[in-house]
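Please read the following briefing alongside the sequence and the coordinates.

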Amino acid sequence: MSGIRFEDVSHDFGDERVVDHVTLELTERRVGIVGANGSGKSTLARMINGLVTPTEGRVEVDGLDVARHGREVRRRVGFVFTNADTQIVMPTVREDVAFTLRRHRLSPADAAARVERTLDRFGLADLADRPAHRLSGGQKQLLALAAVLVGEPSIVVADEPTTLLDARNARRIAEHFETLDEQLVVVSHQLELLESFDRVIVMEGGRVIADDEPRPALDAYRALIG
Ligand SMILES: Nc1ncnc2c1ncn2[C@@H]1O[C@H](COP(=O)(O)OP(=O)(O)OP(=O)(O)O)[C@@H](O)[C@H]1O
Ligand SMILES: [Mg+2]
């Protein structure tokens, strides 16, 4: 069974319940998650690749229990962090993108071609030899996306991937999301990014309070935070 399943999932940090009995089956190609600060979105997203383990319930990716098959799940799920600094592992931009492909068994020429294509697509070609840690915040965010997407994971989870981007780069990412074959789960406060998605989930206090097509779901969220 392909897709992501949350089966009556809860998560506690200490004695605070931050995800509260969530049951979801996500099979749509592009799913957005919105909600107020602290509503549990990142915690929920992180459970998809096992960064956070549920206190109760079970999360499955393509039928695999994430708690038991973490390594296999992480091969399928690419996770883009909000803070791109945590994701940069190599000295230069090009090396950082190439690092993702180290276990992909591509020929060096194929790997190099894929890296160059990806750098180009994300507007990073001119920065390819720069020290990755000295990029601007938005450039790092583009690099984090590029470094995940170059691996062509079957599911991409992105936690606020466009918060630091200027309008042009945010549009570039939005357009890229439209063309992705991968299943995409995006947490965002930029509601317009999610308007063309297939489904939007609204979280509040650790619970799913709306789950619908983008327009009604986003209207419900706007009414809530109004
Ligand atoms: N590692 C942690 N240890 C303790 N509490 C945590 C931890 N991570 C998150 N929390 C708490 O869990 C709750 C939900 O946090 P989460 O990061 O999932 O919210 P969010 O919806 O992503 O918010 P934001 O929109 O601000 O990113 C918050 O009250 C937060 O303080
Ligand atoms: Mg968050």
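I4 stands opposite V61 in β4, and this position belongs to a contact between strands β1 and β4 (residues 56–61), which run antiparallel and are joined by 5 bridges. Strands are DSSP runs of E with at least two residues and helices are DSSP runs of H or I with at least four residues, both numbered from the N terminus, and two strands pair if DSSP finds at least two bridges between them. This is a predicted model, in which local features need pLDDT of at least 70 and side-chain atom pairs count only at pLDDT 80 or more, while totals for chains, interfaces and linings use all residues. Residues are numbered from 1 along each chain as its sequence is written, and chains are lettered from A and ligands numbered from 1 in the order in which they are written.

**The antiparallel sheet**

- The order β2-β1-β4-β5 describes an open sheet of 4 strands with antiparallel pairing, in which β2 and β5 (64–65) are the edge strands, each pairing on one side only.
- Strand β1 (residues 4–13) pairs with strand β2 (residues 16–26) in the antiparallel sense over 7 bridges, and the two form a hairpin with 2 residues between them, where G14 in the turn has a positive phi of about 60°.
- F6 has a bridge partner in β2, namely L24, and another bridge partner in β4, namely V59.

- Most residues other than glycine have a negative phi.
- H21, placed in strand β2, has a positive phi near 50°; H21 is partly exposed, because 14 other C-beta atoms lie within 10 Å, where buried means 20 or more such atoms within 10 Å, exposed means 12 or fewer, and partly exposed lies in between, with C-beta atoms placed from the backbone.
- D62, found in the loop between β4 and β5, likewise has a positive phi, of about 50°, although it is not a glycine, and D62 is partly exposed with 17 other C-beta atoms within 10 Å.

- Strand β8 (residues 183–187) is largely enclosed by the rest of the structure, because 5 of its 5 residues are buried.
- Q183, V185 and V187 point one way from β8, whereas L184 and V186 point the other way, and all are buried.
- β3 pairs with β8 in the parallel sense over 4 bridges, with R30 having L184 as its bridge partner in β8.
- Strand β7 (residues 155–159) also pairs with β8 in the parallel sense, over 5 bridges, and D159 stands opposite V187 in β8.

**Ligand 1 and residue S39**

- The shell around ligand 1 consists of F13, V18, G35, N37, G38, S39, G40, K41, S42 and T43, a residue being near a molecule if its C-beta atom, placed from the backbone, lies within 6 Å of it.
- Helix α1 (residues 41–47) supplies the largest share of this shell, with 3 residues.
- By class, the shell has 2 nonpolar, 7 polar and 1 charged residues, where Ala, Val, Leu, Ile, Met, Phe, Trp, Tyr, Cys and Pro count as nonpolar, Asp, Glu, Lys and Arg as charged, and the others, Gly among them, as polar.
- S39 lies in the loop between β3 (30–35) and α1, and S39 counts as buried, with 21 C-beta neighbours inside 10 Å.
- Leaving aside neighbours within four places in sequence, S39 is in contact with M203, E204, G205 and G206, contact meaning C-beta atoms, placed from the backbone, within 7 Å.
- S39 and E204 are 165 residues apart in sequence, yet 4.9 Å apart in space, C-alpha to C-alpha.

**Nonpolar core**

- The largest nonpolar core has 65 residues, of which I48, L143, L145, A146, V157 and V185 touch the most other members; helix α5 (residues 137–149) gives the most to this core, with 8 residues.
- A nonpolar core is a set of buried Ala, Val, Leu, Ile, Met, Phe, Trp, Tyr and Cys residues joined through C-beta atoms within 7 Å.
- A146 touches V97, T118, L119, F122 and L124, not counting residues up to four places away in sequence.

**The chain as a whole**

- The protein chain has 7 helices and 10 strands, and 41% of its 226 residues count as buried.
- Among contacts between residues at least 6 apart in sequence, 65% join residues at least 24 apart.

Note on methods: Two residues are in contact if their C-beta atoms, placed from the backbone, lie within 7 Å.
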